[in-house]
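Hi everyone, thanks for making time today. Please take a moment to look at the model on the screen, and then I'll walk you through it.

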Amino acid sequence: MTRPPRPAGPVRLGALAIALCAPAGAAFAQQQSPAPASGAAGAAWQRCTAMASGEARLACFDQWAGQQAWRQGPATAAAPAPATGKSQPATASAAQAGDNAPPTPVDTTLPATRVIDVAQVEGCRDEQYSTLSRFWELESGSDCGTFRFRGYRPISISVVASDTVNRRPSSPAADHTAATAVDYRTTETRIQLSVRTKLAQGLLTQGHPTLKDSLWVGYTQQSYWQLFSPDISRPFRATDHEPEVMYVYPTDAKLPFGWRWRYSGIGLVHQSNGQNLPLSRSWNRAYLMTGMELDNRWTVNARVWKRLKESAGDDDNPDIVEYMGRGEVQVGWNYDRDNNLSLTARNSFGSTQRGSVRLEWMRAVGNDLGGAKSNLRFHTSLFSGYGDTITDYNRKRTVFSVGLSLVDF
């Protein structure tokens with residue numbers, strides 16, 4: 001790995017002294033050293049101290065010292081007040097944001113912030129890095145390696161109430177309309193399983209000091225279970241299967257108003273309900289995707305897709321794009337460390353202007369138990385439109401759900 005330029009002079013000598021003394025005096029250093037006690041810099045200090053290799057420890061402290069020198073530059077220098085002549089901080093105090101505010105992600109385009117590249121302890125769970133960087137492992141410091149299972153969409157179980165339920169699914173394709181209606185209830189449970197793994201990385205970014213592209217495969221399964229319908233033996237009303245393959249490239253660039261363009265990608269996805277005629281529904285799509293973020297509070301992800309053509313005899317749902325859309329935009333807001341809201345909108349971009357809107361709120365559950373961060377979320381969702389399931393692709397309905405979800409594992 002190419003090491004970023006080392007600071008010269010006293011900063012370099014100070015890092016050398018710290019690195020040499022760290023193994024014998026780790027406990028003393030934790031009490032007496034000027035390293036920050038909390039936050040990204042404090043975590044980096046602790047990782048450097050714990051390293052067994054003297055060379056790696058020296059490099060880690062070297063970068064940490066350079067980071068402190070950069071932080072103490074003109075951006076944080078004291079500025080005189082116009083009226084009194086007394087010095088005032090040029091930047092706002094971090095305390096004003098509150099202890100539960102999302103941390104400001106590091107800017108890895110600056111060599112002094114690449115401490116994690118040496119340590120690489122937490123990887124895709126390191127909150128020094130932004131939401132999108134950790135989710136897609138866009139940088140070497142947010143990398144968790146290949147062939148490790150990670151969450152994709154939330155793994156959830158919830159209770160659902162809707163204004164209508166599709167008791168007799170239909171499609172304009174021949175022999176694709178149910179012969180009889182089933183007495184389903186509008187109250188049911190929803191179960192979603194979703195995982196992914198990285199197959200390869202660094203395919204087109206070989207030699208770059210921090211950025212990493214990646215190739216992924218994922219699988220999502222969503223089922224609606226008629227748990228509250230004992231009179232019809234509580235069947236699974238609809239189950240969607242969605243295998244997917246996607247390539248992600250870290251197109252990092254500065255955008256106006258503080259936004260950062262973080263990634264672009266392409267993908268192929270198949271979605272079907274695994275049923276026989278007359279209930280069989282399926283389609284295949286190729287898509288382009290991209291995402292950007294503002295600090296660690298706002299994210300915007302977008303996809304546009306093209307359905308892969310099928311023969312008339314194999315097409316279960318020839319008009320599906322007019323209902324489930326040709327693209328979607330998702331806007332996410334990290335209100336604080338424990339609360340996240342998101343809005344996902346789909347549209348057909350045609351004369352019909354059909355689509356859907358989904359509003360979701362997730363709140364962390366169990367963060368106060370044992371002092372460890374919890375990946376469990378209280379999950380509330382409101383959906384309105386077409387395509388809540390592929391079986392219901394041409395039926396509009398409004399669905400409210402409450403449950404628990406597992407994310408970011």
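Let's begin with glutamate 310 and arginine 307, whose side chains meet in a salt bridge, with N and O 3.0 Å apart. Keep in mind as we go that this is a predicted model. How exposed are the two partners? Glutamate 310 has a relative accessible area of 22%, so we call it partly exposed. Arginine 307 comes out at 14%, and because buried means under 20%, arginine 307 counts as buried. As background, side chains of opposite charge can pair when their charged atoms come close.

How many salt bridges does the structure hold? There are 25. Let me show you another one, between lysine 212 and aspartate 143, where the closest N and O atoms are 3.3 Å apart. This pair ties together distant parts of the chain, with the two residues 69 apart. Lysine 212 sits in the loop between strand E5 (187-201) and strand E6 (214-225), while aspartate 143 is in the loop between helix H6 (131-136) and strand E3 (150-151). Lysine 212 is partly exposed, at 22% relative accessible area, whereas aspartate 143 is buried, at 16%.

Next, please find arginine 397 and aspartate 388. Their side chains form a salt bridge too, at 3.2 Å from N to O. Are these two residues buried or exposed? Both arginine 397 and aspartate 388 are buried. Elsewhere, salt bridges with shared partners join Arg134, Glu137, Asp143, Arg150, Lys198, Lys212 and Asp408 into one network.

Now let's step back to the whole chain. You can count 7 helices and 16 strands. Of the 409 residues in the chain, 45% are buried. Taking contacts between residues at least 6 apart in sequence, 59% join residues at least 24 apart. The accessible surface of the chain is about 20,400 Å², and carbon and sulfur atoms account for 60% of that.

Which residues form it? They are Trp298, Val329, Val331, Leu343, Val357, Leu359, Leu382 and Phe400, and together they have about 630 Å² of accessible area. Strand E12 (327-334) and strand E14 (355-365) are the elements that each give two or more residues to the patch. Valine 357 is partly exposed, with a relative accessible area of 40%.

That's my tour, and I'm happy to take questions!

Key: Residues numbered from 1 in each chain as written. Predicted model: local features only at pLDDT ≥ 70, side-chain atom pairs only at ≥ 80, totals over all residues. Heavy atoms only, no water. Salt bridge = Lys/Arg side-chain N within 4 Å of Asp/Glu carboxyl O. Helix = DSSP H or I, 4+ residues; strand = E, 2+ residues; numbered from the N terminus. Buried < 20%, exposed > 50% of the residue type's maximum accessible area, 1.4 Å probe, protein only. Contact = heavy atoms within 4.5 Å. Areas by Shrake-Rupley, 256 points an atom, 1.4 Å probe, with all protein chains shown as cover. Patch = residues over 30% accessible without salt bridge, like charges linked within 9 Å, V, L, I, M, F, W, Y side chains within 5 Å.
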